Every structure is written in structure tokens, then in C-alpha cells.
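Here is a short briefing on one protein model. Keep the sequence and the 3D view open as you read.

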Amino acid sequence: SLDGLAEAGDIGDALQLFVQSARRVRPGFELVDADLDAVVKICEMVRGVPLGIELAAAWVEMLTPSEISEEITRNLDFLESESHDAPGRHRSIRAVFDYSWNLLSEEERATFTRIAVFRGHFSRAAGQFVTGAGLRQLMALVNKSLLRRTPDEGMYEIHELSRQYAEEKLENATDLETIRDSHSTYYLNTLAERSSEIFGRNSQELLERIEKDIENVRAAWKWAVKRGHAQLLRGAAKVLDIYFDLRGQSDQADTLFDAAEEAIRALPASPERDAALGTVIGAHCRLMISARVPAKSKILLDQMKGGLLNAQWTPFEKVFYAETIASYELIFGEPTSIRALLEETLADAEKNKDLLGQLLCNISLSRSYWYRLSGERVD
């Protein structure tokens, strides 16, 4: 409530300053509950800097707090005073960042610029892998209020306005593509390395980790698509389809997977490319099956079965291939038709001592026989 926040230290002071500043341009302005979240977000985005709060509040004559928040998110230069009487450093939030930038060492500037590739928060491991910064450089930015560290989780957060400012520097940096490649590699490889956990006892922890990193994961996926990094997409697809399915976000995922498949198809033909394409299509297909979209599922299934299975597939990907076909037939087709494929795949899983593969094959086989015994399907 408003009363509770008024007693909450810094945020209460920030809200009070916003109201006072707003009343200069709109006498009688009151902060109502409906606007509270937007004003809190404004105060957070400007890092509690009084100048930023005052510049944002000056817009209440024309915009709602929610609209002000959206404009700040889109454009750093939105927060600029029309008054020519104010000193240069007090006329815009950009001038505040310029002043802070000039106080950074060259090493700190490089780290701050590279951090703009992150969305929201990131771990120390991610920060060091992507930016090459050591702990000392990260803490220097924390001490200068350009980063925030959450002690309970050991994560770092970059405020949106700070990120916008740094991103402008990053877009002109000579190592832009290298930094974005590193960011994409880190997040998509981390998913690939943990993909088997999505079926095990650590599945909930993995899903929560993806949830926290999802904006970074989306950015990493889109960059891999743009660069045609087929193997990165191949590795991450096998866990992301399950994540999006469980979160009820199949529509969003459909767009992401469509873009990935188009990018991979545009690459020169090779067994490696086909293996990557088959895996991404299979994950996409499995997601559409779960979302009960039969027409799109059938198109994807036919594409996956059209010669993409080859020697480049790992033993688990072969199980994945069989499971995708089985899922389609169990839901839309003829469950009894999948037994031969599953029995062959199960034998390979046993030969490879792949316990997870054996489990998945046995589950699908049991479901196939259950359909017949339950009377829902007959030969």
C-alpha cells in the first residue's frame, strides 16, 4: 500500500520526491494505488537519482505514470529538461551518465560497455565468461552504482537506464559481435549441458533457473539465429521446448523455432546441419503436439522424418526422434503403430546403457499398449 511504502526508506523518499515534483507541473497531483507500480518502476529505472525522478515527474501534465515508464524504457533521452537555466549536468539523465562515464577507468569502461549485452540480472560466472571481467572490475561498478549485487543470490543486476546507456557504447564497440557471440554461447551451451536434467530430479530447479534467465536466453537464441549458429540452437532446443510447454507459452516459442529453422535451412547442406535442423524441428514438433496443434505438428513431423536422421545424431537424439513420432501417434494418430520403432530404439538405448532413453521408450511403449487394453484404440 501507499502507507506502507511511505515508511520504506529510500523508495518512500523517492516516491515523495516524485509527488512533489509532479505537483510543480500539475498542482493537486496525488499518487493513487493504480499508479503505484508504474511510479516505483520509474524510481527504480532512474536508480533513485533525484534528477531522474524530477525529470520523469515533469511529464505528468501530459502522460500517465505508466506511459512515462514505457517512454523511459524506450528512450534514454526522454528524460531531458526543457529548462535552459539548469546547469548542463542537471538538464538530462544522459548528462548524469556522461559524468559517471568520465570517472571510469578504461578497464571499467570496457566492462560496463560489455555488460549491456545482458538483460536484467546475470551471475558472476556469466559476467566473467561474457565480458572477461574479473571480480574486482564487477565490484568497482557496484561501488559506483552502475551495477547492483543481490547478496542472497550472488547475482548482478544492471538498471535499464544504465543498460541503455552502455548499449549505445556497445553498438559502436569493435568487439560487439564477439561479445554477443560469447553471451549466446554461454546461455545456450548451459542449457545444452543440462538438457537431460529436465527429465530428472533436478527438473524443477532447472526450470526455475531458466525462468530467471529467460530474457537472456531469448536474446541468446535470437542472436544465434541471426548468426546461423546451428549447433547452439540444436543443443538448447531439447530443453526449451519443455520449458515453453510447461509455462504455457507455445505461441511465443512457435515464432522462435520458426526463425531458427529458417536460419539453419539457409546454411550449406551437410550432415551436421541436417542433424541440427532435425533436432530443432523435433523439439518444435513436440511442443506443437503438446499444445494440441495437429496441422502444424504433422508438417513438422514430416519434415523431421524427411531424411534428417543421420549418423551425426547422438544416442539421446535418436531416442528424442522416436519419442517425437510416438507422441504424435499417441495423441493424433495410431498408438499401436509406434511399437516397432520404440522397441528398436529401446534396444539401442540398452546397448548404449542410456537409462534415460530406456525410461522414455518404456513409458511410450506402455502407453501404446494401454490404449489398446483400455479400448480407446483397437488393431
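**Overall picture**

The protein has 19 helices and 3 strands. The model is predicted. Its C-alpha atoms fill a box of roughly 85 × 45 × 35 Å along the principal axes.

- The protein has 379 residues, and buried ones make up 50% of them.
- Take the contacts between residues at least 6 apart in sequence: 66% of these join residues at least 24 apart.

**Helix H11**

- Helix H11 covers residues 176-193, which is 18 residues.
- From its first C-alpha to its last, H11 reaches 26 Å, close to the 26 Å expected at 1.5 Å a residue.
- Which residues of H11 are buried? They are Leu176, Ile179, Arg180, Asp181, Ser182, His183, Ser184, Tyr186, Tyr187, Leu188 and Leu191.
- The buried residues of H11 pack against several elements, including strand E1 (121-123) and helix H8 (124-131).
- Helix H7 (106-115), helix H10 (160-171), H12 and helix H13 (230-246) are also among the packing partners of those buried residues.

**Aromatic rings**

- Rings of Phe, Tyr and Trp pair if their centres lie within 6.5 Å. By this rule the count comes to 13 aromatic pairs.

**Charges over rings**

- Lys169 lies over the face of Trp101, at 4.5 Å from the ring centre.
- Arg180 places its charged end over the ring of Trp223. The distance to the centre of that ring is 5.9 Å.
- Arg180 is one of the buried residues of H11.

- Helix H12 runs over residues 203-227.
- How far would a straight helix of 25 residues span? At 1.5 Å a residue, such a helix would span 36 Å.
- H12 spans only 30 Å between its end C-alpha atoms.
- At Asp213, H12 bends by about 70 degrees.
- Just after H12 comes Gly228, with a positive phi of about 70 degrees.

**Cysteines**

- How many disulfides does a search of the whole structure find? The search finds 0.
- A disulfide needs the two sulfur atoms within 2.5 Å.
- Cys285 is buried, with a relative accessible area of 0%.
- Cys361 counts as buried too, at 0% relative accessibility.

**Strand E2**

- Thr150 sits in strand E2 (residues 148-150).
- Is Thr150 buried or exposed? Thr150 has 18% relative accessibility, so this residue counts as buried. The cut-off for buried is under 20%.
- Leave aside the neighbours of Thr150 within four places in sequence, and its contacts are Met155 and Glu157.

Methods:
Residues are numbered from 1 along each chain as its sequence is written. This is a predicted model: local features need pLDDT of at least 70, side-chain atom pairs count only at pLDDT 80 or more; totals for chains, interfaces and linings use all residues. Side-chain values use heavy atoms; hydrogens and water are left out. Rings of Phe, Tyr and Trp (its six-membered ring) pair if their centres lie within 6.5 Å; planes under 30 degrees apart count as stacked, over 60 as edge-to-face and the rest as tilted. A charge sits over a ring if NZ of Lys or CZ of Arg is within 6 Å of the ring centre and within 35 degrees of the ring normal. Helices (H or I, at least four residues) and strands (E, at least two) are DSSP runs, numbered from the N terminus. The expected span of a helix is 1.5 Å times one less than its number of residues. The bend at a residue is the angle between axes fitted to the seven residues ending there and the seven starting there. Buried means under 20% relative accessible area, exposed over 50%, partly exposed in between (1.4 Å probe, protein chains only). Contact means heavy atoms within 4.5 Å.
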